[in-house]
Amino acid sequence: MCLICQRIELIKKEENPYFVKELETGYLVIGDHQYFEGYSLFLAKEHVTELHHLEKETRLRFLEEMSVVQETVAKAFAAEKMNIELLGNGDAHLHWHIFPRRTGDMNGHGLKGRGPVWWVPWEEMIAEEYQVKGSKLENLIATLSKILDQMIEMKG
């Protein structure tokens, strides 16, 4: 079983501390590490490796929900710009990386100017100091959940 499928199983058992909300086609979770505060993921419910492997109606709904999720993350974490990526090279299960970006979010770590999140060395992004837990995690989840509920209600 892939790592993302394992995490989805933990959501189903109510044992995934990063779980925010279930949507029709996927699960919204807060990233384990918050180098970029508000970093979230949208995990496809279906275990497929590519977007084009989803049935057309599911694919369109998944993309629509991802759009709502990324807008939610942008609003919840006051993003100036959003970086959204669908990679799957490491974990071959359809999932979006959603990064809210702000001016200077890379400056404090020896990186100047603007650039993709992947300019930050992986080891730094997942350093212990950026692992989120406890009340900080609860606050991130509460903020994201509240805004997502508002967005869903508004889009009706």
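## Helix packing

The helices named here are DSSP runs of H or I with at least four residues, and the strands are runs of E with at least two, numbered from the N terminus.

## Basis of the model

This is a predicted model, in which local features need pLDDT of at least 70 and side-chain atom pairs count only at pLDDT 80 or more, while totals for chains, interfaces and linings use all residues. Residues are numbered from 1 along each chain as its sequence is written, and side-chain values use heavy atoms, with hydrogens and water left out.

## The largest pocket

Rolling a probe the size of a water molecule over the atoms shows where empty space is left. Here the search uses a 1 Å grid over the protein atoms alone and a 1.4 Å probe; a pocket is an open set of points with protein on both sides within 12 Å along at least five of seven lines, and lining residues have an atom within 4 Å of a point. The largest pocket holds about 580 Å³ of space. It is lined by 27 residues, and Tyr-39, Leu-41, Asp-91, His-97 and Trp-122 are the closest to its centre. Two or more lining residues come from each of helix H1 (3-12), strand E2 (26-30), strand E3 (40-44), strand E5 (95-101) and helix H3 (122-125).

By type, the lining has 16 nonpolar, 8 polar and 3 charged residues. In this count Ala, Val, Leu, Ile, Met, Phe, Trp, Tyr, Cys and Pro are nonpolar, Asp, Glu, Lys and Arg are charged, and the others, Gly among them, are polar.

## Buried residues

A residue is buried if its relative accessible area is under 20%, exposed if over 50%, and partly exposed in between (1.4 Å probe, protein chains only). Leu-41 belongs to strand E3 and counts as buried because its relative accessibility is 12%. Its C-alpha atom is separated by 12 Å from that of His-93, 52 residues apart along the chain.

Val-117 lies in the loop between E5 and H3; at 2% relative accessibility, Val-117 is buried. From C-alpha to C-alpha, Val-117 and Met-106 are 8.4 Å apart in space and 11 residues apart in sequence. Asn-16, in the loop between H1 and E1, is buried at 10%.

## Exposed residues and positive phi

Most residues other than glycine have a negative phi. Glu-14 is not a glycine, yet has a positive phi of about 60 degrees. It sits in the loop between H1 and strand E1 (19-22) and is exposed, with 75% relative accessibility.

Ala-78, also not a glycine, has a positive phi of about 50 degrees. Its place is the loop between helix H2 (56-76) and strand E4 (81-85), and at 57% relative accessibility Ala-78 is exposed. Glu-153 is part of helix H4 and is exposed at 69%. Glu-153 and Ile-4 are 149 residues apart in sequence and 28 Å apart in space, C-alpha to C-alpha.

Terms used. Grid points are joined across faces, edges and corners, and a volume is the space filled by probe spheres set on the points.
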